[in-house]
Each structure stands twice: as C-alpha cells, then as structure tokens.
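Subject: Handing over a structure

Hi there,

Here is the structure I promised to pass on to you. Have a look at it first, and then read on for what turned up in it.

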Amino acid sequence: MTNYGKLSVQDEGFVFQAPKRGWFWQKSPPPFSAAFAAVGEIVALKLDLITTDEVVFDIWLDDGRSLRLWESVEGFVELDTAFANHLPHYFRDWRGVVIFPAFEENRTVIFHRSLEQVY
C-alpha cells in the first residue's frame, strides 16, 4: 500500500504529515498545519491519471502558503467534513460537480473567504 501521507483534523484546524520520499530525506518532512480561520480558498478538481482519476483539493491560506491534498491521503474525508462544519458557505455538494462528467478536470471553487456565498 502506498503512503500518501496522513491528515489529522483538530478542533481549530488540520495537520498534514507528508510521507518520507526518496533517498534524500533523512526523516519525514515537517508537518503542514493550518487553522480553519486561515483558509482563504479551496479548489476541488479531478486529475486524469490514465487508468484512474484522483480528486484533489488545492488549498490556499491567508499567509500565502498552499497545499495540494489528494483524496488518497488518510483523513481526506474527515477534512472535507470539517471544512463543511467550520467554513461558512462551503460548497458541500462539490462531488457531483467535480466527479462528473468523466475525463474532465471540472475545476471548481468550493470555498472562497472573500465571497459572500459561492453557491
């Protein structure tokens, strides 16, 4: 089984621990942590990996940092639920827009802090 990293959802935010990659890492890279209040935008999209598709979240924070999280990451579903519970106007029904139709990227803004309401 491939290690894509691990997400852990906390009361006020989340932490992503990337896996150790390649011979050049002596240890795992430092964790990426963010508060829900610091999330500025989330874009969901689907990547065509030829034999399979993979949904990803591109997340931008107010401090300029960004992160791409793949649905294969342990804790992805829990993070989606936490976003829905903590972010006002989060587009909860993004799956129907992003997953279908097949063979399309279907890039969709599912949260943007500066907008009154995305959907």
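Helices (H or I, at least four residues) and strands (E, at least two) are DSSP runs, numbered from the N terminus.

Please keep in mind that this is a predicted model, where local features need pLDDT of at least 70, side-chain atom pairs count only at pLDDT 80 or more, and totals for chains, interfaces and linings use all residues. Residues are numbered from 1 along each chain as its sequence is written, and side-chain values use heavy atoms, with hydrogens and water left out.

First, the overall picture. The protein has 2 helices and 7 strands, arranged along the sequence as β-β-β-β-β-β-α-α-β. It has 119 residues, of which 38% are buried. Where pLDDT is low, the predicted coordinates should not be read in detail.

Why is β5 (residues 53-61) described as largely enclosed by the rest of the structure? Because 7 of its 9 residues are buried.

Strand β5 also has partners on which you can check the pairing (two strands pair if DSSP finds at least two bridges between them). Strand β4 (residues 39-48) runs antiparallel to β5, and 9 bridges join them. In this pair, D48 stands opposite D53 of β5. The hairpin of β4 and β5 has 4 residues between the strands, and I50 there takes a positive phi near 75 degrees.

Strand β6 (residues 66-70) is antiparallel to β5 too, with 5 bridges joining the two. Here V56 stands opposite W70 of β6. The hairpin of β5 and β6 likewise has 4 residues between the strands, with G64 at a positive phi near 95 degrees.

Finally, which residues of helix α1 (residues 76-86) are buried? They are F76, L79, D80, A82, F83 and A84. The elements that cover them include β1 (6-9), β2 (13-17), β4, β5, β6 and α2 (94-98), counted by contact, meaning heavy atoms within 4.5 Å.

Enjoy exploring it!

Best wishes

Definitions and conventions. Buried means under 20% relative accessible area, exposed over 50%, partly exposed in between (1.4 Å probe, protein chains only).
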